[in-house]
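Here is a short note for a colleague who is opening this structure for the first time. Please keep the sequence and the model in view while reading the points below.

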Amino acid sequence: MGNYAEEINKRRTFAIISHPDAGKTTLTEKFLLYGGAINLAGSVKGKATARHAVSDWMEIEKERGISVTSSVLQFEYDGFCINILDTPGHQDFSEDTYRTLMAADSAVMVIDASKGVEAQTRKLFKVCVMRHIPIFTFINKMDRDANDTFELLDEIEKELGIATCPINWPIGSGKGFKGVYERASRSVITYADTEKGTREGHATRIPIGEDAMLTEQIGEEYKVQLLDEIELLDGASAEYDLEQIQAGELTPVFFGSALTNFGVEIFLRHFLKMTTTPLPRKADSGLIDPVEHDFSAFVFKIQANMNKAHRDRVAFMRICSGRFDSGAEVKHVQSGKVMRLSQPQQILADERKILSEAYAGDIIGVFDPGIFAIGDTICMPKEQFIYEGIPTFAPEHFARVRQVDTMKRKQFVKGITQIAQEGAIQIFQEFNTGMEEIIVGVVGVLQFDVLKYRLENEYNVEIRLENLPYEHIRWIENKEIDLDKLTGTSDMKKIKDLKGNPLLLFVNQWSVGMTQERNEGLVLAEFGRN
Ligand code: G4P
């Protein structure tokens, strides 16, 4: 064990998830207000910054003013060293968005109080649940008219299947937003509109027993309503249980307004108390403890051509244990190669900062000479173990790829295979034919454009994409099943991945269910295991 336990134990690494426009960027920016930002990797996407997109590693990003890639930022607050993994927040999000969650120890879910649970939150949430990581809910935009609080909680419980435990409770909303009641301290923290934009938008804290003062601050009507609601809440809501929270079975819920900076610091303080230090990670040799074990990491994202002038690839890895020392030799387990990680860096807004050290919980990007693949393990040369792989997430959009100039077959196959290896897209073949028919699957439709653009610009190959109607893909878990005998629905399509694993495509969820019903013993999976 090294003497760096303290460094590791002060780290908190979380992903922030939401449906576009719920306020993820605004909340992240407010977090940074409280801490001294020490490293900004990639960019915090924002409408304001989008115009001069910071991580414009691809023209597409610039043209559309959006950031295709996930980013990481690090800041210190109250003795903690916090790593936030931002997940691209557009409808065009990609598999990288999901993979980012594989590198986090907990997730903060931002919900718009007037919209409730939205599509993208639901998808990302599924991945968190699969990992059993703690999920914290921040219900945002309380300064706008919000849905009924009990209904919002009900929706989270029903839609996402997780119990909720409000840590604070809103008093009014929109023009009538008065503040929140903090359950643990049994006091009301008032919202003062005039203070918005300052570091702390909330000032007065009134114990619930101070009747006269409460009436003065929030008004008789809100006070009566609040007291009623507290009674209801105390009787009906799940009890605070840290163990359940850390197992991802109970989500603590907070209310606030990121824009006006209300409830953000309250959230941060509670969150840091409840979330975990870097978690041990599963390897084939057992659980690897972040503190007890020497340096190890796994690759969760590969990004090509971040710098046009250099045509390079960067592998992003999550440090799972120990201390990373840029001078030391490490082993890339999958290739057996011992090496120094080249140009370890944190990708800054528009420059890269070379790091000399980092600790379990941190994310680093290293120059990839073309040997790393998603899910790979890096450890000390004397060691040998492999971290549990990152699942392949189900694409939701499919297209047949047609090459315009069939003479360039070789470049085309090389290009599309390399892009698939980076994990930006998934490629499949017709079940009974070879590479002549390629079907590409993506999580977000923007990836189709990325594919087209990259094939043209990097491999000089022009393609045409013909959209297919499928939206659901299932991996077949029991390999012994005879696919020729499978009774599917008329819309079902059999395909295989590059390794020859069979998969099924469906147009709708109903067909998935029907096929499952018609074939006893068939085990269909929503995630592919590598
Ligand atoms: P996202 O990253 O989740 O996509 O959301 P983002 O923070 O970009 O916020 C989306 C919009 O919602 C922005 O407004 C932002 O100012 C607003 N917003 C965020 N938090 C709050 C809040 O607590 N209250 C209110 N009322 N609005 C909030 P926009 O007009 O789309 O962009 P901008 O021009 O203001 O940046």
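1. This is a predicted model, in which local features need pLDDT of at least 70 and side-chain atom pairs count only at pLDDT 80 or more, while totals for chains, interfaces and linings use all residues. Residues are numbered from 1 along each chain as its sequence is written, and side-chain values use heavy atoms, with hydrogens and water left out.

2. On confidence, the protein averages a pLDDT of 84, and 85% of the residues score at least 70; pLDDT is the predictor's confidence in each residue, from 0 to 100. Over residues 39–70 pLDDT stays under 50, although the model has 84 contacts beyond four places in sequence for them, a contact meaning heavy atoms within 4.5 Å. Where pLDDT is low, the predicted coordinates should not be read in detail.

3. Helices (H or I, at least four residues) and strands (E, at least two) are DSSP runs, numbered from the N terminus. Helix α5 (residues 95–102) packs with helix α6 (residues 119–131) at an angle of about 30°, their axes lying 10 Å apart; axes are lines fitted to C-alpha atoms, for helices over the stretch in contact, and angles run from 0 to 180 degrees between N-to-C directions. The two helices α5 and α6 are therefore roughly parallel, a term for angles under 35 degrees, just as 65 to 115 counts as roughly perpendicular. In α5, Thr97, Tyr98, Leu101 and Met102 meet residues of α6 that include Leu124, Val127 and Cys128.

4. How are α2 and α11 packed? Helix α2 (residues 24–34) meets helix α11 (residues 264–274) at an angle of about 75°, with axes 10 Å apart, which makes α2 roughly perpendicular to α11. Leu27, Lys30, Phe31 and Tyr34 of α2 make this contact with Val264, Glu265, Phe267 and Leu268 of α11.

5. An open sheet is formed by eight strands in the order β29-β26-β28-β27-β31-β32-β30-β33, with antiparallel pairing; two strands pair if DSSP finds at least two bridges between them. At the edges stand β29 (463–468) and β33 (524–525), each with a single partner strand, so one side of each is left without a neighbour in the sheet. Strand β30 (residues 472–476) pairs with β33 in the antiparallel sense over two bridges, and Ile476 stands opposite Leu524 in β33.

6. Helix α12 (residues 409–422) lies across β26 (397–403), β27 (426–430), β28 (438–442) and β29, and runs at about 155° to β26.

Technical notes. Angles under 35 degrees count as roughly parallel, over 145 as roughly antiparallel, 65 to 115 as roughly perpendicular and the rest as oblique.
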